[in-house]
Amino acid sequence: MNDSSTARPTAITDAGGRPGLELRGPGGCVRMTLLGAHVQSWIHPEHGEVLFMSADASYAERAASRGGIPLVFPWFGAHAERKDAPAHGFARIQPFEVAAQGDGPSVTLRLSDTEDTRALWPHAFLAELTVSVAETLAITLAVTNTGDAAFDFEEALHSYFVVGDVHRATVHGLEGVPHVESASAPQESPPDPSEPIGFCAETDRIYQGVPDRIELRARELDRRIELGTRGARSAIVWNPWIAKAAAMSQLQGDEWQQFVCVESANCRENRVSLEPGATHSMELTLRVSSQ
Ligand code: TA6
């Protein structure tokens with residue numbers, strides 16, 4: 001197993017000097033940081049970089065850097081009641097620790113509740129993110145209720161994919177699936193729900209009751225990315241387009257044209273309820289090929 005393309009994870013630092021790990025397997029090289037268990041890069045041996053990271057991303061000590069696969073937990077978007085609470089939960093700005101690492105390119109990072117997390121969300125939990133590089137990139141988020149009262153939570157793997165040109169990208173597999181659009185300036189005429197999703201305006205849709213296979217096609221790059229999931233009932237499709245991108249932090253000039261987010265999630269009416277001692281797992285497997 002331990003040849004030059006498949007090895008134990010090695011310690012690295014990211015662009016901000018924050019500690020992380022590099023995993024090399026037949027499916028390429030993955031770099032992640034311990035802050036937020038954030039996968040920042042996946043270089044595929046044939047297709048190159050799969051994940052978008054902004055050239056303007058912040059790598060400050062507790063910054064949620066824009067791009068890669070940020071981990072959203074335990075709420076999605078803005079906190080329902082507290083304006084001071086961080087968007088998309090606190091997991092992406094908490095330091096994870098290494099829980100287990102194998103002889104091959106696989107690692108499990110974990111986060112459990114602390115005084116800081118309980119001040120924002122009063123529950124005892126263990127969140128474990130396992131990343132493995134085989135021919136595919138597989139990511140599993142397992143959340144356990146370690147307390148003595150039930151709780152609800154939301155979660156997402158907020159994947160930013162490089163598409164070359166968003167105008168030439170499409171998402172397949174969500175035809176006919178109900179969704180809610182929350183873009184402030186969406187396309188003028190509503191999309192045909194029987195067609196694959198294309199992009200011509202700000203898009204910020206939550207799809208519910210999604211199938212376990214969705215595909216992102218990037219014609220500009222002659223690339224398909226297959227997202228296979230287990231335990232994910234929601235998917236979010238997002239691109240900020242021109243006006244929102246201009247108002248956003250950590251996004252440079254025309255970078256909005258270079259990515260699409262297709263997020264694997266359980267949110268809103270599909271949030272997860274966990275009894276004491278119970279564990280919920282959400283798995284995402286990414287496969288890249290030519291069109
Ligand atoms: O998942 C889509 C979304 O919630 C958008 O509404 C959007 O603004 C985005 O995620 C990025 O959020 P962030 O907090 O990372 O700037």
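Here is a short exchange about the ligand site and one histidine in this predicted model.

Me: What are the ground rules for the numbers?
Reply: Residues are numbered from 1 along each chain as its sequence is written, and side-chain values use heavy atoms, without hydrogens or water. As the model is predicted, local features need pLDDT of at least 70 and side-chain atom pairs pLDDT 80 or more, while totals for chains, interfaces and linings use all residues.

Me: Why is histidine 44 called buried?
Reply: Buried means under 20% relative accessible area, with a 1.4 Å probe and protein chains only. Histidine 44 has 7%, so the residue counts as buried. Histidine 44 belongs to strand E4, residues 38-44 (a strand is a DSSP run of E, at least two residues, numbered from the N terminus).

Me: How do you know which residues are around the ligand?
Reply: A residue is near a molecule if one of its heavy atoms lies within 4 Å of it. Those around the ligand include Phe76, His88, Trp238 and Glu263.

Me: How much of the ligand's area does the protein bury?
Reply: Taken alone, the ligand exposes 400 Å², and the protein buries 81% of that (Shrake-Rupley method, 1.4 Å probe).

Technical notes:
Helix = DSSP H or I, 4+ residues; strand = E, 2+ residues; numbered from the N terminus. Buried < 20%, exposed > 50% of the residue type's maximum accessible area, 1.4 Å probe, protein only.
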